[in-house]
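Biologist: Can you walk me through this one? I'll jump around a bit.

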Amino acid sequence: MTTKIDKAGPVDAPPPAAENIKAIPVRHYGRWVSAVIAIAVLFLLISAFARGDVNWDAIPDYFFDGEVLRGVRNTVWITILAMVLGVVLGIILAVMRLSKNPVTASIAWGYIWFFRGTPVYVQLLVWFNLGLVFDYINIMPIYKDEWSDFMTPFLAALLGLGLNEAAYMAEICRAGLQSVDEGQSEAAQALGMSHAKTLRRVVLPQAMRVIVPPTGNEFINMLKTTSLVIAVQYWDLLQATSEVGQNSGATAEMLFLAAAWYLILTSVLSVGQYYLERYYARGSSRSLPATPLQRVRANLLSFSNRSGGVGA
């Protein structure tokens with residue numbers, strides 16, 4: 001900036017006008033190369049399956065078969081029940097793990113160590129084959145029956161999946177509870193709240209935004225893990241499609257059908273998980289992320305505005 005001197009004293013001269021800068025966008029050749037490679041690989045996969053000896057017409061023919069739909073219903077049912085069992089028991093184990101009582105804390109640690117350290121497939125087989133060890137189940141004043149009648153495929157699947165899930169949910173809940181600042185609990189106790197009321201009214205609501213996202217992932221993972229219950233002869237989606245494939249001779253096609261049903265179910269759960277996370281993010285984010293419908297609406301509005309500007 002230059003300074004001029006006149007009779008009134010030094011005066012700052014206006015800065016020279018900035019020259020127009022022409023921005024040249026950076027060319028990302030790597031993106032184009034990677035996109036071409038990805039499209040080529042996708043094309044090769046599609047062409048390989050198109051040339052394969054696959055009876056694609058069998059998939060829509062059996063998509064809504066009665067046995068397949070019964071398998072879908074049982075898969076959803078066992079997923080919900082196993083997750084309810086896992087979440088409830090997981091919360092109890094998390095509270096026990098954080099307890100100052102060394103006995104309850106040790107029991108919770110041992111449970112988590114055992115069920116996280118052994119494969120869920122092995123646990124399913126153990127529950128289903130306990131009849132080789134015990135002839136009867138005898139809960140003296142309540143229930144007594146032969147073990148083979150008591151441990152049905154449904155109960156073996158529920159216990160194997162639910163008890164295993166509880167170990168993982170316990171760690172998720174523990175992390176969520178520990179994410180809440182201790183000052184929150186101290187303030188609640190200073191107001192005269194009991195420990196249980198503080199946990200229910202103050203700690204858990206704030207911990208939910210940390211607990212919900214991984215719980216949604218666990219729910220989706222549980223839906224896919226139910227395919228292992230074929231080991232205990234429970235009639236799930238995979239069992240149903242396998243039986244239909246053996247009877248119809250379209251074994252591979254029915255596996256593709258099962259994969260399609262799993263994709264549909266997991267997609268529905270993913271949408272529900274998104275809106276649930278968005279709900280619990282209200283207190284921690286200044287602006288909530290746009291929903292898929294809002295994004296589509298905004299893109300359509302932006303496109304219409306650009307089209308109108310070009311026409312004008």
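Biologist: Where is Q233 found?
Modeller: Q233 sits in the loop between α9 (195-225) and α10 (237-248). Helices are DSSP runs of H or I with at least four residues, strands are E runs of at least two, and both are numbered from the N terminus.

Biologist: What should I know about the model itself?
Modeller: It is a predicted model: local features need pLDDT of at least 70, side-chain atom pairs count only at pLDDT 80 or more, and totals for chains, interfaces and linings use all residues. Residues are numbered from 1 along each chain as its sequence is written, and side-chain values use heavy atoms, without hydrogens or water.

Biologist: What is the phi of Q233?
Modeller: Positive, about 65°, although Q233 is not a glycine. Most residues other than glycine have a negative phi.

Biologist: Zoom out. How many helices and strands?
Modeller: The chain has 12 helices and 4 strands. Of its 312 residues, 30% count as buried. Take the contacts with a separation of 6 or more: 69% come from residues 24 or more positions apart. Contact means heavy atoms within 4.5 Å.

Biologist: What does UniProt list as "transmembrane region"?
Modeller: The unreviewed UniProt entry lists residues 32-50, 76-96, 108-130 and 255-276. Such annotations may be inferred rather than shown by experiment; positions follow the numbering used here, and feature names are shortened.

Biologist: How much helix is there over 108-130?
Modeller: The chain is 83% helix and 0% strand there, with the end C-alpha atoms 24 Å apart. Over 255-276 it is 100% helix and 0% strand, and the end C-alpha atoms are 31 Å apart.

Biologist: Now packing. At what angle do α3 and α9 pack?
Modeller: About 140°, with the axes 11 Å apart. That makes α3 oblique to α9. Axes are lines fitted to C-alpha atoms, for helices over the stretch in contact, and angles run from 0 to 180 degrees between N-to-C directions. Under 35 degrees is roughly parallel, over 145 roughly antiparallel, 65 to 115 roughly perpendicular, and the rest oblique.

Biologist: Which residues meet there?
Modeller: On the α3 side, T75, T79, I80, A82, M83, V87 and V95; on the α9 side, L199, T215, E218, F219, M222 and L223.

Biologist: And at what angle do α3 and α4 pack?
Modeller: About 130°, with axes 7 Å apart; α4 covers residues 102-117. α3 and α4 are therefore oblique too. Contacts include L89 and L93 of α3, among the residues that meet α4 residues such as W109 and Y111.

Biologist: Tell me about T79. Buried or exposed?
Modeller: T79 counts as buried, at 1% relative accessibility. T79 lies in helix α3 (residues 66-97). Beyond its neighbours within four places in sequence, T79 contacts F219, M222, L223 and T226. A polar atom of the T79 side chain is 2.6 Å from the backbone oxygen of T75.

Biologist: Last one. Where is A188?
Modeller: In helix α8 (residues 182-190). A188 counts as buried, at 5% relative accessibility. The C-alpha atoms of A188 and T198 are separated by 6.1 Å, although the two are 10 residues apart along the chain. Setting aside neighbours within four places in sequence, A188 is in contact with M193, T198 and V202.

Methods. Buried means under 20% relative accessible area, exposed over 50%, partly exposed in between (1.4 Å probe, protein chains only). A polar contact is a pair of N or O atoms within 3.5 Å; within protein, one must be able to donate a hydrogen and the other to accept it, and residues adjacent in sequence count only if both atoms are side-chain atoms.
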